[in-house]
Each structure stands twice: as C-alpha cells, then as structure tokens.
Amino acid sequence: MFNLVDLTGKKIVVTGASQGIGRDTAILLSKLGAQLALVARGEEKLKETLSLLEGEGHKYYLLDISGLNDIEVCVKNIVKDFGPLDGLVYAAGIDMSRPLQQFKPEFVFKIMNINFNGFIEFVRCCTRKNYFNVGMRIVGISSIAAFLGDKTHTIYSASKAAMDGAVRCLAKELASKDVCINTVAPAMIATRMYDGYLAKNGVNSEAHKAILDRQYLGIGTTNDVASAIAFLLSPASRFITGVCLPVDGGATSN
C-alpha cells in the first residue's frame, strides 16, 4: 500500500517533546518510521515520551532552551549521535497572558527568548554545513494568535508573529540548501492549557462559547496538529515552503 507520508529512516529533532503537541508529534513520527532526538528540560517526562515511541534508536537530550548558548552544543551532540538531520520540529513554547502594565522587560524577554529566539537558534544550528541532509524539512509551531488579536496576549502573539515572519525570510535563504521551512498555527487545542482555560472560565461561559463559534469544527486534538506537522516533514510537501498552515477548525475563515 502506498503511504503518502512515509518518514522511514528520517532523523528528526523534536523540541518540547516532553508533553502536549510535542509529545504526540513525536509519537506519530515514530509510527511513520522516523528516528527521533527528543529535546526538553524535564527528564522524567522525556523518559515517558521515549517509552511511548515505536521503533528503535530514539534518544533524548536535556536542554533548557532559555539558555540559548547551550543549543549549539545540544545540536552538535545530536548530530554526533544520529548523523546529518532530516527534520526539525520546534514545539517548545510558553504562553503567559498578562495585561500591558505587567509587561516588565524580563517578562517580555522570557517569552520571546523561548518562543522565538530559541527557534531561530535551533534553525541556525541544524542547518550548518554537514549537519543536515538534502531535502531537510523544518516546522515551527506558531498559533492563530499571530494574526487574531486578543487582550493580554500581546507578547505571546508577537512572538508567534515573529516566527511566521522569520520563516518567510528563512525559506528564501535556505532554498539553495534544499531546505523547506514552514509553521503550523493551531487554534484552541485540547491540552493542559485548554484544561486550565476551562477551569478558569467554565465550559458554559460566554468566552468558551465564543471560541466554539469561531472554530466551528470544535476543539482540536494534539493529533490534529501532529498530522499536519508530519505532512510538512514528508517528501510529499516538497513544493511548500515559507508558509503558515492554520490548523484551526475554521477559526481564521471567519
């Protein structure tokens, strides 16, 4: 049987692999045949992700992405263990909502450092000479918050918009290396963040009803996002680069 999304033997780095979208993406990629380097700062959760993967040869690497200078060493160790890379998924990120008057510089720096600066540094390091194979694919996890404004989300939205803008430029720069780079932009997805939202607002609240009206296919799952990422990592997506793919249940069609 022909498999459009076949990642057999592909060596792929997944950051933020300890939970949520990153974890479920890693699990799906392993089922499609990929060999995975899992990156996060929590060892116990990384071990749990590792135990859920199919196939052999996967490894995990401890890294606090906020320490940007440590990323290069981490990538060097991954390439030493795996050889040249075929893919990168940047699923690391944080969302901390605050009103304008609480935007202290250290808060802004923390969000931008992990959501944007870490992404750029991983892309830079993974696309060094001899660090990647021809046809490498890179996918960053953005958000529909990049183009749908909401109060208290200013810095989070800005960090994701920065990622999308950078990808449009990087796509042109990396094309000569036969590297494609894209982002996916999820809407509200059933993760711990969503659980926290329900705990705060209530399932029957007007705010929650407004979300369901906007994304009329309902609340997405982590596997919905993982499936889109898997496609963008596969050879089937060879003619797609420099774009942001909404995975949003119709939210941006309103």
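Visitor: Leaving aside its neighbours within four places in sequence, which residues is Ile-219 in contact with?

Guide: In this predicted model, Ile-219 is in contact with Met-188, Ile-189, Ala-190, Tyr-194, Ile-211 and Leu-212, once the neighbours within four places in sequence are set aside. Ile-219 itself is found in the loop between helix 7 and helix 8 (222-233).

Visitor: Why is Ile-219 called partly exposed?

Guide: The relative accessible area of Ile-219 is 24%, and the class in between runs from the limit for buried, under 20%, to the limit for exposed, over 50%, so Ile-219 counts as partly exposed.

Visitor: What separates the C-alpha atoms of Ile-219 and Arg-41?

Guide: These two residues are 178 residues apart along the chain, and their C-alpha atoms are separated by 28 Å.

Visitor: Why does Ser-30 count as buried?

Guide: Ser-30, which lies in helix 1 (residues 20-31), has a relative accessibility of 5%, and because buried means under 20%, Ser-30 counts as buried. Not counting residues up to four places away in sequence, Ser-30 touches Leu-36, Leu-53, Glu-54 and His-58, and the side chain of Ser-30 reaches the backbone nitrogen of Glu-54 at 3.0 Å.

Visitor: What makes Glu-48 and Arg-23 a salt bridge?

Guide: The closest N and O atoms of Glu-48 and Arg-23 are 3.3 Å apart, and since the rule asks for a nitrogen of Lys or Arg within 4 Å of a carboxyl oxygen of Asp or Glu, the pair forms a salt bridge. The pair links distant parts of the chain, with Glu-48 in helix 2 (residues 43-52) and Arg-23 in helix 1, 25 residues apart. Glu-48 is partly exposed at 42% relative accessibility, whereas Arg-23 is buried, with a relative accessible area of 14%.

Visitor: How many salt bridges does the count come to by this rule?

Guide: The count comes to 6 salt bridges. One of them joins Arg-124 to Glu-121, with the closest N and O atoms 2.9 Å apart, and both of these residues lie in helix 4, 3 residues apart, which is about one turn of the helix.

Visitor: Which residues are linked with Glu-121 and Arg-124 in a network of salt bridges?

Guide: Glu-72 and Arg-128 are linked with Glu-121 and Arg-124 in that network.

Visitor: Why is Glu-206 called exposed, and what is the class of Lys-209?

Guide: Glu-206 has a relative accessible area of 61%, and because exposed means over 50%, Glu-206 is called exposed. Lys-209 has a value of 40% and is partly exposed. The two form a salt bridge, the closest N and O atoms being 4.0 Å apart, and both lie in helix 7 (residues 206-214), 3 residues apart.

Visitor: How do you know that the span of helix 5 agrees with what its 21 residues should give?

Guide: At 1.5 Å a residue, the 21 residues of helix 5 (residues 154-174) should span 30 Å, and the end C-alpha atoms are 30 Å apart, so the two agree.

Visitor: What makes strand 6 mostly covered?

Guide: In strand 6 (residues 180-186), 7 of its 7 residues are buried. Cys-180, Asn-182, Val-184 and Pro-186 point one way, and Ile-181, Thr-183 and Ala-185 the other way. In a regular strand the side chains alternate between the two faces of the sheet.

Visitor: How do you know that strand 6 pairs with strand 5 and with strand 7?

Guide: Strand 5 (residues 132-141) is joined to strand 6 by 5 bridges, and strand 6 is joined to strand 7 (residues 244-247) by 4 bridges; because pairing asks for at least two bridges, strand 6 pairs with strand 5 and with strand 7. Strands 5 and 6 run parallel, and strands 6 and 7 run parallel as well. Asn-182 is the bridge partner of Val-139, and Ala-185 stands opposite Pro-246 in strand 7.

Terms used: Residues are numbered from 1 along each chain as its sequence is written. This is a predicted model: local features need pLDDT of at least 70, side-chain atom pairs count only at pLDDT 80 or more; totals for chains, interfaces and linings use all residues. Side-chain values use heavy atoms; hydrogens and water are left out. Buried means under 20% relative accessible area, exposed over 50%, partly exposed in between (1.4 Å probe, protein chains only). Helices (H or I, at least four residues) and strands (E, at least two) are DSSP runs, numbered from the N terminus. The expected span of a helix is 1.5 Å times one less than its number of residues. A polar contact is a pair of N or O atoms within 3.5 Å; within protein, one must be able to donate a hydrogen and the other to accept it, and residues adjacent in sequence count only if both atoms are side-chain atoms. Contact means heavy atoms within 4.5 Å. A salt bridge is a side-chain nitrogen of Lys or Arg within 4 Å of a carboxyl oxygen of Asp or Glu.
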